[in-house]
Amino acid sequence: MSTANLLLNHVLNRSRGPETFVLVLDGEGLEQLPDRLDSGGAQYAVQRVTSELGLRHLLWKAKGAPLIAVLPEEVARKIQAAPDVVRRAKDQRVHALAINDVLELVLGVRVIGADAPHLQQLALDHLERISKLLHKRTLPTVIDRQLLTELLVDVSVGEQVRTRTPAQLLAAWVQAPPDWSNDVSLLVRDALPRLHGDEGRLLAWALAAPEQRLRELVIVGAVLTVDSVELPKPAWGLLWAAAAEAPLELDRRILRRVLSELAGETLSVLGDAGASLLSQADRRGRENLTPSQLQTSRVLPLAFSDRCHQLAAQAAEGKPIRAAEIAWLHSHGAAKLNKSDLGVIEALARVSRALDQPLALQQDIVEQVKEYQRHGAFLDLAMTQLRRALSSSAHFHAESQQVLARARERRDRQNLHFATTLAADYEAALHAEGVIPLHRLWKRVVAPTWSSSAKEKLFVIVLDGCSYPVFLELLEALGQDATFPVGLSADREGRVIGLQGLSPLPTVTSHARGSIFLGQLPQDPLVAETVFRDQDEAKTDPARFKQNDALVSRTRRLFLKRDLADGGQALLSALADEDLEVVATVFNAVDDQIGSANTGTAWRPSPEDIAGFKPALHRALRSGRKVLVTADHGHSPWVDKTLRAGAGQTPRYLTLGPGERAPEGFLEIDVKSLGGPPARRAFAWKMGAYLGGPQVGFHGGCSLEEMVVPMGWLVRDGLQPDEPAWWFGGGSLAVPVLASPKPVLPPLVTPTPNVTPPRPQMSLFDPADKAAGLPVPAEALAKLSNDEKAVLVLLRENGSARASELAKLLKKNPGRLNGLMHSLRRSLHERGLVLFGSETLPDGETMYRYRDKDPR
């Protein structure tokens, strides 16, 4: 049945009098009239008339037949002045329908409280949509004003007003202020306090003038985040006066807490889009607050900037930056807008904490290698990350250079100590038990695998020029691939450190990589990197691989750079070949990068940038092959031109003539016949020292970053190397010294117990201890339980609290809290006190508000 039929039937059912014609005032729902209407056994003709003459003519034609005439308001007023017509009409009047009648008839539910003009108009405008929305939910017994408001909000502006958080709403409205009609604006402002509590009141206040007040909420809220009890009136802006007016009417302490939290959450939602608001808040804070007050804010950019400068200066003075300071910066509202500066401080903090550790120079070569893997390589990585972060920031360069200089000085001490150990007896150090020189890789690493499973198939990966710090970054990236995470396998003690691999001197490709594939140290003449090119390695490496005594009975194939020109397709086929027992390949991506002269690039290694690397690794693991990864040598990074030690074709080693001394940063080491033809040679130990032209990285020397190479078994779902404690924030830990236990001599004498009971310490966390400050007479206060006192104290200090929050603080079942509150309210009422009120939130939970007023 149409709306018009329902409305006209309603008029007929409630009218009394003779069955003559019925006059009905035209209105909402009567736009489309039926031609006829059956009611009460009679059939009524329905006509719309536009004039008094038209009505008289219609009545004359009807000749007493049942008729319903729908009149516009102007005609209805004229007819009321014509007694001859009105007296013959049903009930002797023009029937008009109230808006509530229309709503009830269309919705099929009783409607109460729709008396506000804007509600009535919006309900009529969206009558059909309300009906559809209402029929999608459980039909209520009655629609009151609150439910009608919520339905109208949903159909007028959408469900987001009800479903989104206040911060999300404010963030959206700040970027695009709503352009609603006056009725819709009034509707939303009326609904917000019930939907979102105190935050809703703030939003309702702002929507009264959205172009100005929405931004004012965020700006003032950001200023109010400073940790200061009293703030000057100008800092509050428009909200100083608005706090005491409708719709806010909040104590300024409560308003400040709610607004500062809302502003912080809104800025988090806005992200980079909130930069202009933060700038305005920062400007207002500078104009109205002291610098000491501004530095306490967790939102204002000035506080973030000042803290960063303080921490940078602290690191430059040699003091470590603790993890708690970095966590404070990350939690700051301006962190997202200052990512580059935060990256510098975070990297600077890691280097500063590493420098805070005690430096212990081990005498054993194996312990020196392990120390580098556990700490030195991570310090090198932290230095690289700091240099990389500085390339994106204009700040903290002077402080960072001071810290980097001290870090290089520390690493140089380790490198010199390592080089001195090698110079004392190079052959013994290279072959020491516990380290694995590259030419012994097959015997010490691979052979034990074949002894336990002779049919085990291998995939050997050689990352040309990959230092241990670069390997750490590659491993982290491999582990972050959720679809196929790859890492190292742990040792027998559960530690993840890898094997202690050493590259032979000089650490150049022709010598070091030849050691891997030949299985012994090559005796060929040394070839400089500037001369040893792809065509040379294509001749020497396959030949050496075929001569490897450890692989005589094994089917094998080696892939070099030119073999990977097809995108690694041939390599993938070989890995799936069951007849190939050993597949080895060299990836040159790292060595190609460090060999360039582009020292101004902040290069970052990535597995995805090494052509064919990840697909080959995944294919090998899926095919059941064991994967061994290593490098032929590492590299020492470029620092600056002041470390250039002279000319030369080999950046990190040189042949000394008779009586010639080693340059600054180089040390003469007798490698005997283990490093090319016999000759006096000096090798660079100082980080960044070089001969010849600049490069991104240098190798050939005897530093730890060049000689200690990554070596280990890669497995699916493997682990990342164990980071040192300072990497995540641990500082220098003093080693506990256990005192020697003193012997207990007989006879044992039982000490006399102290019978004086200790004085009880006052509670630091029980709110009930502050109950003396409540406006409650002493005799009444004495009758309250500790929980009741605690509730009153909490409400007084916070202004308001949800039932769930109070239950959590009191460690009570939330279901029992309402009983406690009813009992407390009754006890206070008996003494004429009303200290709190309550209201039910839209989610059904109860909100309690403190108020110190007389109930009368």
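I started at Leu667, whose bridge partner in strand 18 is Phe683. Strand 17 and strand 18 (residues 681-684) run antiparallel, joined by three bridges; strands here are DSSP E runs of at least two residues, helices H or I runs of at least four, both numbered from the N terminus. I note that this is a predicted model, where local features need pLDDT of at least 70 and side-chain atom pairs 80 or more, while totals for chains, interfaces and linings use all residues. Residues are numbered from 1 along each chain as its sequence is written, and side-chain values use heavy atoms, without hydrogens and water.

Then I turned to salt bridges (a side-chain nitrogen of Lys or Arg within 4 Å of a carboxyl oxygen of Asp or Glu). I found 30 by this rule.

Arg513 and Asp632 form one, at 3.7 Å from N to O. Arg513 sits in helix 26 (residues 509-518) and Asp632 in the loop between strand 14 (626-630) and strand 15 (636-637), so the pair ties together parts 119 residues apart in sequence. Are they buried or exposed? Arg513 is buried at 0% relative accessible area, and Asp632 is buried at 0% too; buried means under 20%, exposed over 50%, partly exposed in between, with a 1.4 Å probe and protein chains only. Shared partners join Asp464, Arg513, Asp541 and Asp632 into one salt-bridge network.

How values were computed. Pairing = 2+ DSSP bridges.
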